[in-house]
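Trainee: I am new to this structure and would like to go through it with you. May we look at it together?

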Amino acid sequence: MPPSHGAHSQRIGGHHLRSQLLLDVHAAVPLSLIAACKAFAAHVAREGLLARVCARVRGQVVATAEAPRTHSALEGFLSCVDPHVPVDLCMCTRYGPLFELYLGPHRTVVVNDHDHAREVLLQRGRDFAGRPSMVMLHIAFSDYSPLWKLHRRLVHSSFALFGEGSSRLQDIGRSSGTSDHELTTAVTNVVCTLVFGTTYKHGDGELQEVMRYNDGIVQTITRGGLVFPNESLSKLRACIRVRDCLLTQKLHEHKATLSEGDPRDLLDALLKGQGSPGPDGTVITDDHVLMTAAEAFGAGVETTSTTLLWVLAYLLHHPEVQEKAQRELDEEVGERAVRAADRGRLPYLDSIINEGMRIRPVSPVLIPHIAMSDSRYTKKNQGRSVEPCHKTFPDRFLDDQGQRVTPSCFLPFGAGPRICVGESLARMELFLFLSSMLQRMSFMLPGGATPPNLQGRLGVVLQPLPYKVAVRPRAGWEVSTHVN
Ligand code: HEM
C-alpha cells in the first residue's frame, strides 16, 4: 500500500534491516525512549564506542550508555553530547509522540502510546512480529520464522504443565525467602523446575552454582563494554561455559530417561519436538534445545524477581496497602498455605502486583520489533489528552466495589504474536510469592532508614536501587530476620 500524505500524517520510513516500515500516523504515539536508549546502549556496547550519555525521561534516568563523541546518528537528537554532563533526552517532549531515530545504523520508529501500541501489536501483530538481528537466541531475539514458532509452541506446552492445576509451583513458593538474593534463588528454583525438572532444597550447591553463573551473566551484560577482550568478557564467557556444561549434563540425563508419556519439563518437550519437524521441515538441534533452555533463565529470573523487588519497595512507601492486603489474606485464606486457585479471591493483592508492573515495568518497551514487510499504519484520531490521575497505589486496578479491573492498555507482557510466552507462569509466580510472603511476614523500613528510591536504573531490566527492609514475622509465624 502506498503511504498516505494527509496534512497531519507523518511518514516514517524505517527500512529496518531488510524491510520497509511506513507509519502514517495522524495522532499521538509516544516514546519508546527507554527501548531506544536500551538498544542504543546495546549498540554502543557492541561497537565499543566511547563517551558517556545519561538519558533521563521526566527527570528519571532510564539509561546510561557509552556513546560516541560525535556520532551522526546522535547529532540529530542532541544539541550537545558532552561525555561528562548528563544529557536530558526528553524526546517525548521535544519531538512529539511519534518520531524516528537512528540506533547506530538502524532507523527506528518510536511509538509511545498504549492504544496505538496495542493496535500495532494486536491488530497488526503479524506485520510487526519480527526481531532485529541481535543475539542468537531462539525465542525472544529470534525473528518471526518457522523455527521460532516451533520453539514457542513447545515452550508454551511445557509451561502449561505447571499451570493452575499443578501444585509444583505452590511448593516452591512456600520455601521463598525475603532478601533479594533469596527471592532470586526461589525464582531461579522455579525456572530450574520448569526447564529440567529439578527443584532444589534450600542451600543446594548446584542451585548456588546456577545462581552464580546467572548473576554473572546478568551483571556483565548490564555493565556492557563486551566488545573487546576484558575482564567482563572473560567473566561472561566463564559463566556461559559453566551454564552450558550444566545444561548439557541435564540434556544427556533427559535423553537417557525420555519416555513416551507427557513431557516432564521444557527439556523433555524440546527433545520430543526434535522428533516432529515443523511444516517446512525445520528441525530442532541439540544446540537449539540448549539455547532455549538457557533463554528461559534469561527471560524468567530477572524479570520476576525484579518485579517482586519493585512491589516490596512500593509497599514500604505505602504501609497501609500492605496491611490491607494482609487483611484480605487473613479473611480469604487464613493460616493454610496459599494456593494458585486463591487468586480469584484476592483482587486487592492482584491489584498490587498489576500496579507494580504498571508503575515500574521491568521491560518498559518490550523487546524491539521489526516490520515483516512494507507496512502502513494509519491513525484517524488526532492528538491525545492526558488526564490527571487521582488514583493511589494500587487502586487503578480496582473498581468502586473493590473488584479487579484491567485497563485494556495495560500491557506489561506485550501483546500479539510476540507476547511474553511466560506470562501465565510469571503471573502465578508473582501471586504465590507475594501472597506467601505477606501472609507470614510484614515488611517495614528499618529504624532511621529512608524509603527506597523509586527512580530505578536500567540494566538488563529496569531495577530498583538497593534498599533496606526489616522483616517481622506476623503473629503465628516464627523466624525473624533483617535483610538488605
Ligand atoms: C514479571 C515477569 C515478566 C515480565 C514483566 C515479562 C515481560 C515480557 C515482555 C514485555 C516481553 C516482550 C514482548 C514483546 O516484545 O512484544 C517478553 C518476552 C518473552 N518472555 Fe517474558 N516476562 C516475564 C516473565 C517471563 C518468564 C517467567 C518467562 C519464562 C520462563 C518469560 C519468557 C519470555 C520469552 C521466551 C519471551 C520472548 C517471546 C517471543 O519473542 O516470542 N518471561 N516478556
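Trainee: How many helices and strands does the protein chain have?
Mentor: The protein chain has 14 helices and 12 strands. Helices (H or I, at least four residues) and strands (E, at least two) are DSSP runs, numbered from the N terminus. Please note that this is a predicted model, in which local features need pLDDT of at least 70, side-chain atom pairs count only at pLDDT 80 or more, and totals for chains, interfaces and linings use all residues. Residues are numbered from 1 along each chain as its sequence is written.

Trainee: What percentage of the residues in the protein chain is buried?
Mentor: Of the 484 residues in the protein chain, 40% are buried. A residue is buried if 20 or more other C-beta atoms lie within 10 Å of its own, exposed if 12 or fewer, and partly exposed in between, with C-beta atoms placed from the backbone.

Trainee: Turning to the ligand, which residues come nearest?
Mentor: Ala299, Gly300, Gly414, Cys420 and Gly422 come nearest, out of 26 residues around the ligand. A residue is near a molecule if its C-beta atom, placed from the backbone, lies within 6 Å of it.

Trainee: Which helix gives the largest share of that shell?
Mentor: That is α11, with 7 residues. Both α11 (286-317) and α14 (423-440) supply at least two residues of the shell.

Trainee: What about Cys420: buried or exposed?
Mentor: Cys420 is buried, because 21 other C-beta atoms lie within 10 Å. Cys420 sits in the loop between β7 (375-378) and α14. The UniProt record, an unreviewed entry, lists Cys420 under "binding site"; such annotations may be inferred rather than shown by experiment.

Trainee: Which residues does Cys420 contact, leaving aside neighbours within four places in sequence?
Mentor: Cys420 is in contact with Phe413 and Gly414. Two residues are in contact if their C-beta atoms, placed from the backbone, lie within 7 Å.

Trainee: Back to α11. At what angle does α11 pack with α13?
Mentor: The angle between α11 and helix α13 (residues 347-359) is about 105 degrees, and their axes are 9 Å apart. Axes are lines fitted to C-alpha atoms, for helices over the stretch in contact, and angles run from 0 to 180 degrees between N-to-C directions. The two helices are therefore roughly perpendicular, a term for angles of 65 to 115 degrees.

Trainee: Which residues make the contact?
Mentor: Thr307, Trp310, Val311 and Tyr314 come from α11, while Ile352, Ile353, Gly356 and Met357 come from α13.

Key. Parallel < 35°, antiparallel > 145°, perpendicular 65-115°, else oblique.
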